[in-house]
Amino acid sequence: MKKYWTGAHTKHRLRYHVVWIPKRRKHLLVKDISNRLREIIYEGCSLNKWWVEELSIQEDHVHMLIQIKPSESIASVMHKIKGVSSRLLRSEFPELEEFLWGDSFWCDGYFAVTVGEVEEAVVKRYISSQ
């Protein structure tokens with residue numbers, strides 16, 4: 001489904017395929033943690049008016065296809081998603097402290113690539129098959 005957004009003087013569809021991992025690529029994203037992370041991501045994206053087209057949470061990494069506004073950078077969006085989810089997961093699941101050092105759940109950085117019309121189906125299949 002094509003979903004173009006309209007701004008004051010723009011029509012746009014800015015989408016990114018992003019991937020990020022827990023510290024030391026630990027296999028921590030399972031069961032309750034995975035379910036809670038999914039809730040955090042969808043709730044945060046809804047509050048910020050970002051659109052998640054696909055989301056796949058694996059034991060050791062997250063894939064997401066997200067649409068954002070041109071007034072925002074993917075760097076600021078990922079900073080918010082990773083920051084809030086790290087803080088909430090660490091407070092709600094204190095047992096994670098045994099696997100993590102420092103005050104962050106996620107590794108520094110992330111992978112991001114823009115997604116065009118032709119690639120959409122391929123990226124969606126890839127993310128949903130993870």
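Predicted model: local features only at pLDDT ≥ 70, side-chain atom pairs only at ≥ 80, totals over all residues.
Contact here stands for heavy atoms within 4.5 Å, and buried stands for under 20% relative accessible area, with exposed meaning over 50% and partly exposed in between, using a 1.4 Å probe and protein chains only. Helices (H or I, at least four residues) and strands (E, at least two) are DSSP runs, numbered from the N terminus.

Residues are numbered from 1 along each chain as its sequence is written, and side-chain values use heavy atoms, with hydrogens and water left out.

How confident is the predictor, on average, across the protein? The pLDDT, which is the predictor's confidence in each residue on a scale from 0 to 100, averages 91 over the protein, and 97% of the residues score at least 70. Among the elements, helix 1 has the highest mean, at 98, whereas helix 3 has the lowest, at 79.

Next comes the nonpolar core, by which I mean a set of buried Ala, Val, Leu, Ile, Met, Phe, Trp, Tyr and Cys residues joined through side-chain atoms within 4.5 Å. The largest such core has 28 residues, and those with the most contacts inside it are Trp20, Ile41, Val62, Met64, Ile66, Ile81 and Leu89. At least two residues of this core come from each of strand 3 (14-20), helix 1 (31-48), strand 4 (51-57), strand 5 (62-68) and helix 2 (74-92). If we leave out residues up to four places away in sequence, isoleucine 81 touches Trp20, Ile41, Cys45, Trp50, Met64 and Ile66. In soluble globular proteins, nonpolar side chains tend to be buried together.

Is cysteine 45 buried or exposed? Cysteine 45 counts as buried, because its relative accessibility is 1%, whereas cysteine 107, with a relative accessible area of 21%, is partly exposed. Taking a disulfide to be a pair of cysteine sulfur atoms within 2.5 Å, the count comes to 0 disulfides.

Arginine 90 is buried, at 12% relative accessibility, and its side chain makes a polar contact with the side chain of glutamate 97, at 3.2 Å. A polar contact is a pair of N or O atoms within 3.5 Å; within protein, one must be able to donate a hydrogen and the other to accept it, and residues adjacent in sequence count only if both atoms are side-chain atoms. Lysine 82 is likewise buried, at 12% relative accessibility, and, leaving aside neighbours within four places in sequence, lysine 82 is in contact with Trp20, Trp106, Cys107, Asp108 and Gly109.

Finally, where does lysine 23 lie? Lysine 23 is in the loop between strand 3 and helix 1, and it is buried, with a relative accessible area of 18%; its contacts beyond four places in sequence include Trp106 and Cys107. Arginine 25 is found in that loop between strand 3 and helix 1 too, but it counts as partly exposed at 40% relative accessibility, and its phi is near 45 degrees, a positive value in a residue other than glycine. Lysine 49, in the loop between helix 1 and strand 4, has a positive phi near 60 degrees and is exposed, with a relative accessible area of 58%. For context, most residues other than glycine have a negative phi.
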